[in-house]
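Here is a friendly walk through one protein chain, from its overall form down to single residues. Please have a look at the model first.

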Amino acid sequence: MIGSSFHCEVQIMISSTSVWQRTKQVTLSLPVQVALLTSLCALIIWTLYFSTYPPVHDALHTTRHGTAAVACH
């Protein structure tokens with residue numbers, strides 16, 4: 001009985017370690033890193049383009065008018 005319980009605990013520990021290792025591999029993979037970097041860049045550009053903070057808005061006003069898909073006013 002004690003041996004069976006110990007065997008189950010060892011299997012759970014091995015299973016959780018395996019899941020953790022797999023999660024770590026997927027998270028640190030190149031496609032995930034590229035997706036995160038692309039998302040971060042898109043968020044920064046979107047924030048700058050649609051900022052209502054006057055210095056940022058004024059500095060990018062001409063750029064916004066020059067970009068076809070972005071409306072300024």
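A residue is called buried under 20% relative accessible area, exposed over 50% and partly exposed in between, with a 1.4 Å probe and protein chains only as the setting. By that rule I44 is partly exposed, because its relative accessible area is 44%. Before we go on, please note that this is a predicted model, in which local features need pLDDT of at least 70 and side-chain atom pairs count only at pLDDT 80 or more, while totals for chains, interfaces and linings use all residues. Residues are numbered from 1 along each chain as its sequence is written, and side-chain values use heavy atoms, with hydrogens and water left out.

**The chain as a whole**

The protein chain has four helices and zero strands, and its elements run α-α-α-α from the N terminus on. Here helices (H or I, at least four residues) and strands (E, at least two) are DSSP runs, numbered from the N terminus. The radius of gyration of the protein chain is 25 Å, whereas a compact globule of 73 residues would have one near 11 Å. That radius is taken over C-alpha atoms, and the globule rule is 2.2 Å times the number of residues to the power 0.38. Along the principal axes, the C-alpha trace spans about 75 × 25 × 15 Å. Of the 73 residues, 8% are buried. The accessible surface of the chain comes to about 6,200 Å², and carbon and sulfur atoms account for 72% of that; such areas come from the Shrake-Rupley method with a 1.4 Å probe, and for residues only the protein chains shown count as cover.

**Two C-alpha distances**

| Pair | Apart in sequence | C-alpha to C-alpha |
|---|---|---|
| S29 and A42 | 13 residues | 20 Å |
| I44 and V10 | 34 residues | 46 Å |

S29 sits in the loop between α1 (2-27) and α2, and is partly exposed because its relative accessibility is 23%. I44, by contrast, belongs to helix α2.

**A nonpolar patch and a ring pair**

Which residues form a nonpolar patch on the surface? They are L37, L40, L43, I44, W46, L48 and F50, with about 720 Å² of accessible area together. Patch members have over 30% relative accessible area and no salt bridge; like charges are joined within 9 Å, and nonpolar side chains (Val, Leu, Ile, Met, Phe, Trp, Tyr) within 5 Å. A salt bridge is a side-chain nitrogen of Lys or Arg within 4 Å of a carboxyl oxygen of Asp or Glu.

One aromatic pair turns up in a search of the whole structure. The ring centres of W46 and F50 are 5.7 Å apart and the planes stand at 50°, so this pair is tilted. Rings of Phe, Tyr and Trp (its six-membered ring) pair if their centres lie within 6.5 Å; planes under 30 degrees apart count as stacked, over 60 as edge-to-face and the rest as tilted. W46 is exposed at 53% relative accessibility, and F50 is partly exposed at 43%.

**A buried serine**

S51 lies in the loop between α2 (30-49) and α3 (54-59). Why does S51 count as buried? Because its relative accessibility is 16%. Leaving aside residues up to four places away in sequence, S51 touches V56 and H57, where contact means heavy atoms within 4.5 Å.
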